[in-house]
Amino acid sequence: MDEYKDLIAMVVRREFGVLGPEKTLALLPEAGVKADAHGQILAYSGPGRQVLDRLLRLFGERYGLWAVLACKISVLKEAARRHLPLPDVLR
């Protein structure tokens with residue numbers, strides 16, 4: 001795991017509140033993310049920045065821009081605080 005794990009978890013937990021756990025958990029395998037029923041990230045495949053980008057893009061494609069916007073501000077703030085480069089979808 002890398003420094004993006006917390007950002008990925010933040011997205012998952014925010015989407016739990018927006019879309020519900022069922023829809024959120026159903027989409028995670030497509031992004032290569034494995035999480036438990038509480039939004040705890042158990043594993044993901046690939047570099048964290050790419051996984052975060054893929055995850056946000058999938059939410060946007062499947063559920064629309066509002067699904068991405070729901071977590072964008074909090075992810076942007078945390079990434080800036082940690083001095084992490086942003087995935088393309090958030091620029």
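Histidine 83 counts as exposed, because its relative accessibility is 72% and the cut-off for that label is over 50%. You'll find histidine 83 in the segment after H4. Take a look at its backbone too: phi is positive there, about 60 degrees, even though histidine 83 is not a glycine. Keep in mind as you go that this is a predicted model.

Valine 51 sits in helix H3, and its relative accessible area is 0%, so valine 51 is buried. What is valine 51 in contact with, once its neighbours within four places in sequence are left aside? The list is Ile8, Ala31, Val33, Tyr44, Ser45 and Gly46. Histidine 38 makes a handy reference point here: 13 residues separate it from valine 51 along the chain, and their C-alpha atoms are 19 Å apart.

Helix H1 covers residues 5-19 and helix H3 covers residues 48-63, and the two pack at an angle of about 15 degrees with their axes 10 Å apart. Angles under 35 degrees count as roughly parallel, so H1 and H3 are roughly parallel to each other. The crossing of H1 past H3 is left-handed. On the H1 side, the contact is made by Leu7, Ile8, Val11, Val12, Glu15 and Leu19, while H3 brings Gly48, Val51, Leu52, Leu55, Leu56, Phe59 and Tyr63. Sort those residues by class and you get 11 nonpolar, one polar and one charged.

H1 has another partner in H2. Here the axes come within 7 Å and cross at roughly 135 degrees, so H1 and H2 are oblique to each other. From H1, the residues involved are Val12, Glu15, Phe16 and Leu19, and they meet Pro21, Lys23, Thr24, Leu25 and Leu28 of H2. By class, this contact of H1 with H2 has six nonpolar, one polar and two charged residues.

Apart from neighbours within four places in sequence, tyrosine 63 is in contact with Leu19, Lys23 and Leu27. Leucine 19 is 44 residues away from tyrosine 63 along the chain, yet their C-alpha atoms are separated by 8.5 Å.

So what about the inside? In soluble globular proteins, nonpolar side chains tend to be buried together. In this model, the largest nonpolar core has 29 residues. Which of them have the most contacts inside the core? Those are Ile8 and Leu55. At least two core residues each come from H1, helix H2 (21-31), strand E1 (33-35), strand E2 (41-44), H3 and helix H4 (65-82). H1 gives the most, with eight residues.

Finish by zooming in on leucine 55. Not counting residues up to four places away in sequence, leucine 55 touches Ile8, Val11, Val12, Leu27, Leu28 and Ala31. Among these, Ile8, Val11 and Val12 also belong to the H1 side of the contact with H3, and Leu28 turns up in the meeting of H1 with H2.

Conventions. Residues numbered from 1 in each chain as written. Predicted model: local features only at pLDDT ≥ 70, side-chain atom pairs only at ≥ 80, totals over all residues. Heavy atoms only, no water. Axes fitted to C-alpha atoms, helices over the stretch in contact; angles between N-to-C directions. Helix = DSSP H or I, 4+ residues; strand = E, 2+ residues; numbered from the N terminus. Parallel < 35°, antiparallel > 145°, perpendicular 65-115°, else oblique. Left-handed = near helix turned anticlockwise from the far one by under 90°. Contact = heavy atoms within 4.5 Å. Nonpolar A, V, L, I, M, F, W, Y, C, P; charged D, E, K, R; others polar. Core = buried A, V, L, I, M, F, W, Y, C linked by side-chain atoms within 4.5 Å. Buried < 20%, exposed > 50% of the residue type's maximum accessible area, 1.4 Å probe, protein only.
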